[in-house]
Amino acid sequence: MSEALIIYTSLTGNTEACVDIVADALEAHDINVTIYEVMEADADDFLDFDIVMVGSYTYGVDGVLPDEMEDFHADLSSLDLTGKIYGVFGSGDDFYPVFCSAVDDFENAFEKAGATKGGDGVKVNLYPEEDDEENLKRLVADIAKHVK
């Protein structure tokens, strides 16, 4: 059975709600799920899993990574994650000119680390609505195709 690790951060609970949807969808595909809040995790933790996922909100007008994700992001880029399948999702506020750029930042870090993209990153405006839930489930279904 495949093993997935989700490492996330959430300020308002929006990204955490996404984590719950993703974890349930992974389990529905018979994938074991481990979840760590980023302050409890190291990027090296990904080395022990088949599927590696990040959920992060994007902060502020300039679309910067949350402070608690900066070191993790830098460490992730330096790993060798060849053979790992990755997925990224996150929340933001489309009121700001830069929307959910943390998703793009983490996809770039996974690419740099040699991981294989499992599916398109999901950007959620504020709290996940029904269409966001479908997009998150689609991401998981695409990832599951890589490990079956």
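User: What should I keep in mind about numbering and confidence?

Analyst: Residues are numbered from 1 along each chain as its sequence is written, and side-chain values use heavy atoms, with hydrogens and water left out. The model is predicted, so local features need pLDDT of at least 70 and side-chain atom pairs count only at pLDDT 80 or more, while totals for chains, interfaces and linings use all residues.

User: Which residues touch the most other members of the largest nonpolar core?

Analyst: In soluble globular proteins, nonpolar side chains tend to be buried together. A nonpolar core is a set of buried Ala, Val, Leu, Ile, Met, Phe, Trp, Tyr and Cys residues joined through side-chain atoms within 4.5 Å; buried means under 20% relative accessible area, exposed over 50%, partly exposed in between (1.4 Å probe, protein chains only). Here the largest core has 25 residues, and Phe46, Phe72, Leu76, Leu81, Phe106 and Phe110 touch the most other members. Helix H3 (101–112) is among the elements giving two or more residues, and its 5 residues are the largest share. Helices (H or I, at least four residues) and strands (E, at least two) are DSSP runs, numbered from the N terminus.

User: Where do Asp30 and Cys100 sit, and is each buried or exposed?

Analyst: Asp30 is in the loop between H1 and strand E2 (32–37), has phi near 60°, and is exposed at 52% relative accessible area. Cys100 is in the loop between E4 and H3, with phi near 55°, but Cys100 is buried at 1%.
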